[in-house]
Amino acid sequence: MDGSADFNPKIGTSVNVGPAIHRIIAPNPSAMTFRGTNTYLVGTRDLAVIDPGPPDEAHLDAILSSLQGHQRISHIIVTHSHIDHSPLAMVLAQFTGAKVHGFGASKSGRAEIMSTLADLGGGEGIDETFMPDVVVPHLGEIKGTDWSLRALHTPGHMGNHLCFELDLDGTFTGHVFSGDHVMGWASSMVSPPDGHLTDFMSSLLLMKSRTGHMTYHPGHGAPIEDPIERVSNLIAHRKSREHQIVAALENGAASPAKLAEQIYTDVDPRLLPAATRNVLAHLIDLSTRELVSPKGAIAEDTQFRLV
């Protein structure tokens, strides 16, 4: 499905990965970002930069130095405003004069229930200053000279998350920029209050319903060559986690951290805090469906029980 096992490209080097698509990887590898953030340059003359990445001078230089003599950056596009994707957008805009496009500010698209849980903390790191020059709605189009990008609002990983379908000369290519919504190397982090599992599952179903998707270019990791199969597997994975959580709660009430320890037995211990956030996301989803109930206000140490 994807080449994550062998994916170890050179940082800061522009590589052609699809029709009029080049990728440059930012120097921010970590347990959460894999090899680093994938920045994409789309087009042949007037270029769109998708996810400029973190505020790193070397990465800025890599993006600008990749331009050929006849090329310019005409659009800057952000899939979502986590700090590994959006902060360099403002700096790049100052260098190029291009406008920044996105769904909205960092709290845009956040589910109503998450607004009531805003003090949960523990998110992945939000770019609080992010504000696009151009707001792009669901199914909105961004047009360049020989390309256009159709936006799909895909909240779940974050409320303002967008994926983009690529058209060249008016024809859909089958290539989609999936941000952090669908990746091959790992399942997406869903960390309340930024992330909302109910929305995440709905967004996966939306992606599965779109016809003609052949390749996903994710925010981290290798291209996904069978994206609909990957989406189906992610849906099944989340349902399996839900079943594990419900089964564990049959033994009595437990906190998200305790459930994560019981369920995520094969993960790097460094990732247990992230696993705990995923479990919390499931528990909030189960609570809204009245399948589980929290003992008191919802928090990371709250005990949950089956209804």
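Reply: Start with the largest pocket, which holds about 560 Å³ of space. A pocket here is an open set of points on a 1 Å grid over the protein atoms alone, where a 1.4 Å probe fits, with protein on both sides within 12 Å along at least five of seven lines; lining residues have an atom within 4 Å of a point. Its volume is the space filled by probe spheres set on the points, and grid points are joined across faces, edges and corners. The lining has 30 residues, and the closest to the pocket's centre are Met32, Ser187, Met189, Leu271 and Ala274. Two elements give two or more residues each: helix 5 (227–249) and helix 7 (272–288). Helix 7 gives the most, with 4 residues. Helices (H or I, at least four residues) and strands (E, at least two) are DSSP runs, numbered from the N terminus. By class, the lining splits into 13 nonpolar, 11 polar and 6 charged residues. Ala, Val, Leu, Ile, Met, Phe, Trp, Tyr, Cys and Pro count as nonpolar; Asp, Glu, Lys and Arg count as charged; the others, Gly among them, count as polar.

This is a predicted model: local features need pLDDT of at least 70, side-chain atom pairs count only at pLDDT 80 or more, and totals for chains, interfaces and linings use all residues. Residues are numbered from 1 along each chain as its sequence is written, and side-chain values use heavy atoms, with hydrogens and water left out.

Now the second largest pocket. It holds about 170 Å³ of space. Its lining includes Ser86, Pro87, Met90, Val100, Asp127 and Phe130. Helix 2 (residues 88–96) supplies the largest share, 4 residues. The lining has 8 nonpolar, 2 polar and 2 charged residues.

Seven strands form an open sheet in the order 1-2-3-4-5-6-7, with mixed pairing. Two strands pair if DSSP finds at least two bridges between them. The edge strands, strand 1 (15–18) and strand 7 (134–135), each pair on one side only. Strand 5 (residues 72–77) and strand 6 (residues 99–102) run parallel, joined by 3 bridges. In strand 6, Lys99 is the bridge partner of His75. Helix 2 packs on this sheet, touching strand 4, strand 5 and strand 6. Contact means heavy atoms within 4.5 Å. The direction of helix 2 makes about 155 degrees with that of strand 5. Axes are lines fitted to C-alpha atoms, for helices over the stretch in contact, and angles run from 0 to 180 degrees between N-to-C directions.
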